[in-house]
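Here is a short briefing to read alongside the model. Have the sequence and the 3D view open, and follow the topics in turn.

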Amino acid sequence: MDLETAFHQNHLKVRWKQSWKTILTLAYQSLGVVYGDLSTSPLYVFKSTFAGDIEHSETNEEIFGALSFIFWTLTLVPLLKYVFIVLKADDNGEGGTFALYSLLCRHARVSSLPNCQLADEELSTYRKEIPTLPLSSFGSRLKSTLEKYRVLQRFLLVLALVGACMVIGDGVLTPALSVFSAVSGVELAMAKEHHKYVEVPVACIILIALFALQHYGTHRVGFLFAPVVILWLLCISAIGLYNIIHWNPHIYQALSPVYMYRFLRKTQTGGWKSLGGILLCITGSEAMFADLGHFSQLSIQIAFTSFVYPSLILAYMGQAAYLSQHHVIENDYQIGFYISVPKNLRVPVLLIAILAAVVGSQAIITGTFSIIKQCSSLGCFPRVKIVHTSSKFHGQIYIPEINWILMLLCLAVTIGFRDTKRMGNASGLAVITVMLVTTCLMSLVIVLCWQQSVFLAIAFVVFFGTIEALYFSASLIKFLEGAWVPIALSLIFMLVMYVWHYGTIKKYEFDVQNKVSVDWLLSLGPTLGIVRVRGIGLVHTELVSGIPAIFSHFVTNLPAFHQVLIFLCVKSVPVPHVSHEERFLVGHIGPREYRVYRCIVRYGYRDIHKDDVEFEKDLVCSIAEFIRKQKDETTPDGKRVDGEVGNDDEVMTVVGTPSTHLEGVHMCTDGQDGPGAPEVQEIRTAPTNQVKKRVRFVVPDSPKMNDGSRAELRDLMEAREAGVAYILGHSYVKAKQGSGLVKKMVINLGYEFLRRNSRPSTDSLTVPHASTLEVGMVYHV
């Protein structure tokens, strides 16, 4: 089973109506993937809150006020905002910042992808079934404004990238904070002057092991994730219930919002600053939306409302109940999680906490890999090597370069800070920034996609934006106390993304401006004015129309080319997934006797690119299927019929992968049998004296093909038998003469450095080196 087939089978199971058994199974699995980070927050929330800005007094107003803030923050943000509102803004079952941006790109033409086509809008996943916006509505005016002003489109892209960069920053900070907080339990088992020498080395060892094992994937130990989180949540809720009953059964009264007012009235500025610690109680909430594609809305809602939310509330109430009866501060770690754990349970709880922290860290690391893959698919991040660690489960990927960068940054944060206070300040700012970005994008989705009243969108922004802005200001004020880290990381990643995106756009614009017209190609005649040698010439290009400049550059210097010429464009579209049936767009360039084709392969931003030798076979079979199905009849305006769509100067036909047309053309080599079909016919090449592996097409007997199609298929088969040559453009991008200093630095230094150190665009196709021919060109942009 290949990766794409495995994914689509899993995706259909999740998205359509499921039995309660399936839903509950998904809810169980989501506990280990989605809630690992959120469930470990009790380890450090109270400790970060009382880390210096406020003190725990005999009146208990501080501890009761902190508990009230935690309760209402958990209720309003994860429960109300994410579970009941944001989860509904899915993009064909997918969630996350880029899912919201993708939705907006399709409901208003604000996409940053340069090679978009009208044919992409015909994809089944491109639009949801919604009525058209009335022209007089505010949403229609907002849509036209976004489409009219380029600066607003760039602002939307930057907003989405800020959210993505903060997620990457969280991928550095969350593992460090979670593991260090879990390991901090050893401080109660040894002298104060010794435990600091143990915490950091142990945390670093665990982190190194965590990142070193990433290339094995999570599927081998993934079955342990949910039981670990369940055991952890049961553990902290049971301890919390014990502390409530034993120390302060009336702690539930502190849930009243009155205690928030009393808290701020007494602590004033110090209480406002301490909100940066309370904020940590919702770290990991964004994962409910970001990981939506692996589960379903209902399963995530059931898991959170019925188990995760009550367990966390009991855990925080239990800690507050214990602290309300213990006011003597003997050391600097008195206010924390482990001090409220009964002494005879501290060692087993410590071990469970470390396991839960590893699970939570694993989830955010995997999420970081996923967001970088999405950025790369949308042309906003340099191409990196993506390894799929499981052939059964979609989304389990490993990016070696990013993994080791995250590990080094994570170790630097752990060794540099060595305390949860500054780590918490850094992590809190990253978390709340992502939430603010989600709130802003959601307000646009409410108007443009859901077609709701603008007042509803304003109410959403004002209500949740005010809460998040309060926490954001409390985190930002601690810039010098650790909050500078996510800002610095985001600026670095934003710079990389901007330089790469800018260079990519300029390079594509150069390609468009310097492409050769199809008329030039047709004027050369059927032989293209050059010697046609046996084989298939596969010209890789970013263009979806016209002839790339590298081809004219090549034939000018070497007047010979293959008998079958294919211009191949592998591109991403602003949808999460493209079905197999709509994967390929195939068309002729010129008359059929020229044997020149264009093939556009479309992937969604979360699709798995085929990275095996089957891609070449799928490509040839799709062109053969196109040849078999094409008709000579045309409409009066010159366009073909039967599902064909226009593409500038050519007519393109939607053709699925061979797995979607089992009754269509299949390619076999000697020693292989074609698929069983009631009526099939074989097209073979003429026998030769050369010893080579023969290729044949197995073609259904119906419908009947004319002689022209049969000859065209035979030529394609002979060319495939002779071999495939990959013609790749090797571009050197330089700023054109007269450009400003900033542009020269961005293009000549920044973009060129990233291009030289990134993967080539054909890396996912596993192009054989022996069959590769690179054509070098200098792009003056």
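This is a predicted model: local features need pLDDT of at least 70, side-chain atom pairs count only at pLDDT 80 or more; totals for chains, interfaces and linings use all residues.

Helices are DSSP runs of H or I with at least four residues, strands are runs of E with at least two, and both are numbered from the N terminus. Buried means under 20% relative accessible area, exposed means over 50%, and partly exposed lies in between (1.4 Å probe, protein chains only).

- The protein chain has 24 helices and 13 strands.
- Of its 781 residues, 59% count as buried.
- Among contacts (heavy atoms within 4.5 Å) with a separation of 6 or more, 82% join residues 24 or more positions apart.

**Helix α8 against helix α19**

- The axes of α8 and α19 come within 8 Å and cross at roughly 130 degrees; axes are lines fitted to C-alpha atoms, for helices over the stretch in contact, and angles run from 0 to 180 degrees between N-to-C directions.
- The two helices, α8 and α19, are therefore oblique to each other; under 35 degrees counts as roughly parallel, over 145 as roughly antiparallel, 65 to 115 as roughly perpendicular, and the rest as oblique.
- The crossing of α8 over α19 is right-handed, a term used when the near helix is turned clockwise from the far one by less than a right angle, with anticlockwise giving left-handed.
- On the α8 side, the contact residues include Leu157, Leu161, Cys165 and Gly169, and on the α19 side they include Val485, Leu489, Phe493 and Met497.
- Sorted by class, the contact of α8 with α19 has 15 nonpolar, three polar and no charged residues; Ala, Val, Leu, Ile, Met, Phe, Trp, Tyr, Cys and Pro count as nonpolar, Asp, Glu, Lys and Arg as charged, and the others, Gly among them, as polar.

**Helix α5 against helix α18**

- Helix α5 (residues 61–84) and helix α18 (residues 454–476) have axes that come within 12 Å and cross at roughly 135 degrees, which means α5 is oblique to α18.
- Here α5 passes α18 in a left-handed crossing.
- Phe69, Thr73, Leu76, Val77, Leu80 and Lys81 of α5 meet Phe460, Phe463, Phe464, Ile467, Glu468 and Tyr471 of α18.
- This contact of α5 with α18 has nine nonpolar, one polar and two charged residues.

**Aromatic pairs**

- The structure holds 17 aromatic pairs; rings of Phe, Tyr and Trp (its six-membered ring) pair if their centres lie within 6.5 Å, and planes under 30 degrees apart count as stacked, over 60 as edge-to-face and the rest as tilted.
- One of them joins phenylalanine 369 and tyrosine 398 edge-to-face, at 6.1 Å centre to centre and 85 degrees between the planes.
- That pair links distant parts of the chain, with phenylalanine 369 in helix α15 (residues 346–377) and tyrosine 398 in strand β2 (residues 397–398), 29 residues apart.
- Phenylalanine 369 is buried at a relative accessible area of 0%, and tyrosine 398 is buried at 6%.
- The rings of tryptophan 500 and tyrosine 751 have centres 5.2 Å apart and planes at 35 degrees, so this pair is tilted.
- Tryptophan 500 lies in helix α19 (residues 484–513) and tyrosine 751 in helix α24 (residues 741–756), 251 residues apart.
- Both tryptophan 500 and tyrosine 751 are buried.
- Tyr35, Phe304 and Tyr309 form one aromatic cluster.

**Reading the numbers**

- Residues are numbered from 1 along each chain as its sequence is written, and side-chain values use heavy atoms, leaving out hydrogens and water.
- Local features need pLDDT of at least 70 and side-chain atom pairs count only at pLDDT 80 or more, while totals for chains, interfaces and linings use all residues.
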